[in-house]
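Please look through the sequence and the structure first.

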Amino acid sequence: MWAIMFLLLTGVAQAAIPNAMLRGMHSLPKLSVSERSRTSLNGTALPPITTVYHFDQLIDHNDPGLGTFQQRYWMNWEFYKPGGPIVLMTPGEGNADGYEAYTTNETINGLIAQQQNGAGVIIEHRFFGYSNPYDNLTSQSLALLTIQQAIDDLVYFATTADLPMPGGDAVKPGQAPWILIGGSYSGALTSWTMVNKPGIFWAGYASSGVVEAITDYYDYFTPIREHMPQNCSSDVEAVISYLDDMYAVSDTAGIQTLKEAFGLGDIVHVEDFAAALQSNLFDWQSLQPDVGPGAMFFEFCDALEVKDGISAGPQGWGLDNAIYSWGNFWNTTYYNHVCGDEDAETCLGTYNTSQPYWTNVTVNNANRSWFWMVCNQVGWYQVGPPECEPAIVSRILQPIYDQRQCVNMFPEAFACPPQPTTAETNAMYAGWDVDIPHLFFANGLRDPWREATVSAYGLDKPNTTSRPIYEGDGFHCTDLVIRNGVVDATVAAVQEAGLMYMKEWLAEWEPSA
């Protein structure tokens, strides 16, 4: 911890808040960008870290003759000395604007760069933000949005880019060590890249890396249920069980009464109502150790469990109060938070395929690009659990609910609900079976994506010195932000271990070119 405190520059982390319509889409914590000027170690003034650079990336790595597109990246070399590493990260499935702070020592990326006298680079993922091979996101264009193309992008950048810093044309792999860092999907991409293209990146750091593609990912809600206040989970389970029981006997009148209690009587299809109730649980993903009781998720649980200044016991207040309190929270607070002025069916329904949500093919539409990857290769559909497990999410929701939306979004590509090729993805990129040296895994006990990482319950993957696995008490990608280690000692221990292994592994590197 003391090494971190010595290297730390103060910064404020701001957790990204998922949009309810993104159905628990991965997201990395964003940080505010310091406006201070920066200088290199020799005192030379550096460009602002918000300066955008462009790289001529291949449109199709299987057909270089198609030409190139402009891939955006950002860079900070304030700690760099010749011979130091290049620390590369893609934020993954989103516009990379706002992630520039990941080149600074407010994050594990920048702290590694500072410790090792390296330079930090953030590169935007193809088909996200403004790094697009084509000027639209049609199915035809998105055919080139695959895991393999994304891997090949990282490799092609590392092996051919002339970076804008002094000496930046002589830091290719072999001339300098490269470290690949990622969180969530981009953490998985770190692992998949090192499996698929060994020898390019000397070391990797995967935070909350969802290495295993899973179609029926009901376990998204398992860490939430395990770690949310027990009285809150008890009452949520009671309402969900009540809904599912009515659905099982086709009690449409009872379901309509329940929808109206939440102010959602206009929602036509019961599965859309069940999905709307997930939204409160998705707020868990925005939590971090420094987030206080005013967070939306805790407001939700307080609304259910605090009555006349008294908190319910572990069993909650029971079904009747849960329906009234949860419904009242939607009516007074949450509906406006999610839907604003839209009616419930427009906001939360998924059957009107003429809505712009389904038809908008303009670039910088992360939801559409991510849907494409989910529908085709990774799944991760957040649905209800099997009958044998407690349910805080309705079992009405099964993978077909999301697969039907793939057809909504991409009717030209899918004539019927597609099955993502998860088995092929895991076979090609190793999934949970990854065993690549110099790859550090950092995970969080309270992360809803934990069960897709190498720290999944029951996997019992051994922790080795060549492929370490560390888990703190954190949430999603908690260890990437140094401030989180200041307020949580278990996160600090993960960060310290990552720094230690990077130092050891980089000491072994020797130039080959």
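Helices (H or I, at least four residues) and strands (E, at least two) are DSSP runs, numbered from the N terminus. This is a predicted model, in which local features need pLDDT of at least 70 and side-chain atom pairs count only at pLDDT 80 or more, while totals for chains, interfaces and linings use all residues. Residues are numbered from 1 along each chain as its sequence is written, and side-chain values use heavy atoms, with hydrogens and water left out.

**Aromatic pairs**

- A pair of aromatic rings is described by the distance of the centres and the angle of the planes.
- Rings of Phe, Tyr and Trp (its six-membered ring) pair if their centres lie within 6.5 Å; planes under 30 degrees apart count as stacked, over 60 as edge-to-face and the rest as tilted.
- The structure holds 38 aromatic pairs.
- Trp178 and Phe201 are edge-to-face, because their ring centres are 6.4 Å apart and their planes stand at 70°.
- Trp178 is in strand S7 (residues 178-183) and Phe201 is in the loop between helix H5 (185-196) and strand S8 (203-207), so this pair ties together parts that are 23 residues apart in sequence.
- Trp178 and Phe201 are both buried (under 20% relative accessible area; exposed is over 50%, partly exposed in between, with a 1.4 Å probe and protein chains only).
- Trp380 and Trp449 also make an edge-to-face pair, with 5.9 Å centre to centre and 75° between the planes.
- Trp380 belongs to strand S12 (residues 379-381) and Trp449 to the loop between strand S13 (439-444) and strand S14 (469-472), so the pair ties together parts that are 69 residues apart in sequence.
- Both Trp380 and Trp449 are buried.
- One aromatic cluster has among its members Phe262, Trp284, Trp326, Tyr334 and Phe475.

**Charges over rings**

- A charge sits over a ring if NZ of Lys or CZ of Arg is within 6 Å of the ring centre and within 35 degrees of the ring normal.
- Lys307 lies over the face of Trp317, 4.2 Å from the ring centre.
- Arg404 has its charged end over the ring of Tyr351, at 3.8 Å from the centre.

**Single residues**

- Ser325, in helix H11 (residues 319-339), counts as buried because its relative accessibility is 10%.
- Apart from neighbours within four places in sequence, Ser325 is in contact (heavy atoms within 4.5 Å) with Ala303 and Leu304.
- Ser250 is not a glycine, yet has a positive phi of about 55°.
- Ser250 is in the loop between helix H7 (230-248) and helix H8 (252-261), and at 57% relative accessibility Ser250 counts as exposed.
- Asp460, in the loop between S13 and S14, has a positive phi of about 50° although it is not a glycine.
- Asp460 is exposed, with a relative accessible area of 67%.
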